[in-house]
Amino acid sequence: MINFKSVSLQRGRKVLFRDASFTLHSGDKTGITGANGAGKSSLFSLILHQLQTETGEVSMPPGLDIAHVAQETPGVPTPALDYVIDGDTELRAIQASLQAAECQQDGTRLAQLYTRLEAIGGYDAEARAARLMNGLGFAPAEIRKPVSEFSGGWRMRLNLARALMCRSDLLLLDEPTNHLDLDAVLWLQDWLARYPGTLLLISHDRDFLDDVVDHILHIEQQTVSLHTGNYSAFEVRRAEALAQQQAAHAAQQRELARIQSFVDRFRAQATKARQVQSRLKALNRMSLIAQAQADSPFHFSFLPPLKLPSPLLKLDEAAVGYPERPLLEGLRFTLNPGDRIALLGANGAGKSSLIKTLAGSLPLLQGERLEAQELRIGYFAQHQLEQLNPDWGALKHLQVLDPAATERDLRGFIGGFGFSGDRALEPVAPFSGGEKARLALALLIYRKPNLLLLDEPTNHLDLNTRDALGMALQDYPGALVVVSHDRHLLRSVTDDLWLVADGQVQPFDGDLDDYARWLGSRRNTALNDAATETAGHERKTVRKAAADRRKQLKPLQSAVDKAELRLNQLASERKKLEDCLADPALYADDRDSKQRLAGLIADKQRLDQALAATETDWLEASTALELALQ
């Protein structure tokens, strides 16, 4: 279906990949992996004809319907539901054609269009769009709000819903989970599992890849390789291949050292000249095996907290939220060193608000927040990226944080986060989201917190950085509270699950799989609520469709009735004419009789022609009516 043949791609002076050849077949669900900057998004741009190859060619079947998520969303006043429905371009084209055909009173064209509208499910488009929005976390009351009233993250969800609304042959998704919470990720995972077309998915979420894809396209060291199976299967094979390559490299290095030792020992002896020359030729002919390398430049750990008081933080009869919208009430819990807690709950339940309250950035509505004197909080949320100074480099951020530290020590620390050499001095303004997130993590870690509050820390981070973060968190001795849609991270770094739901925070009795099942039952209830919310709109749609149907059929039925009435009139006239022609007196051999006979024959010819034309009109009108009734 999609064929890359000897494709090379370069952006500026950086070569992304060389001589890439692979074929993706119809119905394949392929995950595209590799470090940030490896060329994953550029591969999408090749498929969308937004970039041209340096060498080679990319071929696809003609007429392929491709859906992808727009990166920008204009602040338009269009209702969100209509904005999502706009993703079904064929539906909108049919609706526009229907308006034109109605203005022209073209009954046959109307019949064809209404038949196609029904075939593509046009009458339930509104309900389909509402279900997509509900799955992605939009409340029923929000689906008709103007697009301009949503924040950037929610507009990205609208763009995702719009792409899913398109009945596509090929779906391209670039980090679709970045702006989703765990609930929406689980819903999207189920939706993609049922998607009948070909899927290309860029993601750094291991569990999401494992549950969705059946192939992995990996970009590393300027090469592209296609593997069958999910991400876990790929990782096993990759580790085996790297181990084999490293073993072969080590064996070859030993052989090279042995040959070189022989050459060095006997180079000056004439009796060994031929043997020395033979070994030198062997060295020149030998294809060197490169040392195995994986794109994993990040190695960091949390600096030990200065003190670990117990307890660190307490909430007593606390109410969390906003004056106009309380979210959680009656909270009573204590955080101690070593606590490792994941917050679960539906979108809008209050997880992020609870994190903000624990961090002290959102005041309590009532109750008490009691913190240890030596409490040192490390709070990570997406707005931390916005607080970076765009004109400073990574090193300058650390120097401002700790003016007494030496540049050597600070460079050693920041290098573990991928900022080494001149890169540590470059302004952060043009950095990618992943690079800014790494820097924000580095600044947080440097403060040596004893309570970590992480709200979606993996957004924008690639798999290598997520692995490094997970390993660092496993050794962290303080208390940890995290909200994340990355189930692999939650499984590897947390011990307890707390459920934020119905205004309460309670320990969740189960694991993440149990939570997915609990969420499914809640989602069914939400869908019923959404169906109730949209029932009135759907009834209006049905009534309008019925009215459109009657309007469409009326001119067709009128044409049939008119043709039948005319046929009956002409048949009656022909019967009278035939009775006159049957009168024997008409055939007398006189002038008047002959003139009367000639007139009757001419009348019959005109009548026969009218009958034939009317029968044709009736047949065409009846056919159009039958098509419309199908």
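Predicted model: local features only at pLDDT ≥ 70, side-chain atom pairs only at ≥ 80, totals over all residues.
1. Residues are numbered from 1 along each chain as its sequence is written, and side-chain values use heavy atoms, with hydrogens and water left out.

2. Start with the open sheet of 3 strands, ordered E2-E1-E4 with antiparallel pairing. Strands here are DSSP runs of E with at least two residues, and helices are runs of H or I with at least four, numbered from the N terminus; two strands pair if DSSP finds at least two bridges between them. E2 (14-24) and E4 (55-59) are the edge strands, each with a single partner, so one side of each has no neighbour in the sheet.

3. Now zoom in on E1 (residues 2-11), which is joined to E2 by 7 bridges.

4. Over at Ser484, you're in the loop between strand E16 (479-483) and helix H17 (487-493). Is this serine buried or exposed? Ser484 counts as buried because its relative accessibility is 4% (buried means under 20% relative accessible area, exposed over 50%, partly exposed in between, with a 1.4 Å probe and protein chains only).

5. What does Ser484 touch? Leaving out residues up to four places away in sequence, its contacts (heavy atoms within 4.5 Å) include Leu182, Glu456 and Leu489. The Ser484 side chain also reaches the backbone nitrogen of Asp486, at 3.0 Å.

Definitions and conventions
Polar contact = N/O pair within 3.5 Å; in protein donor to acceptor, adjacent residues only side chain to side chain.
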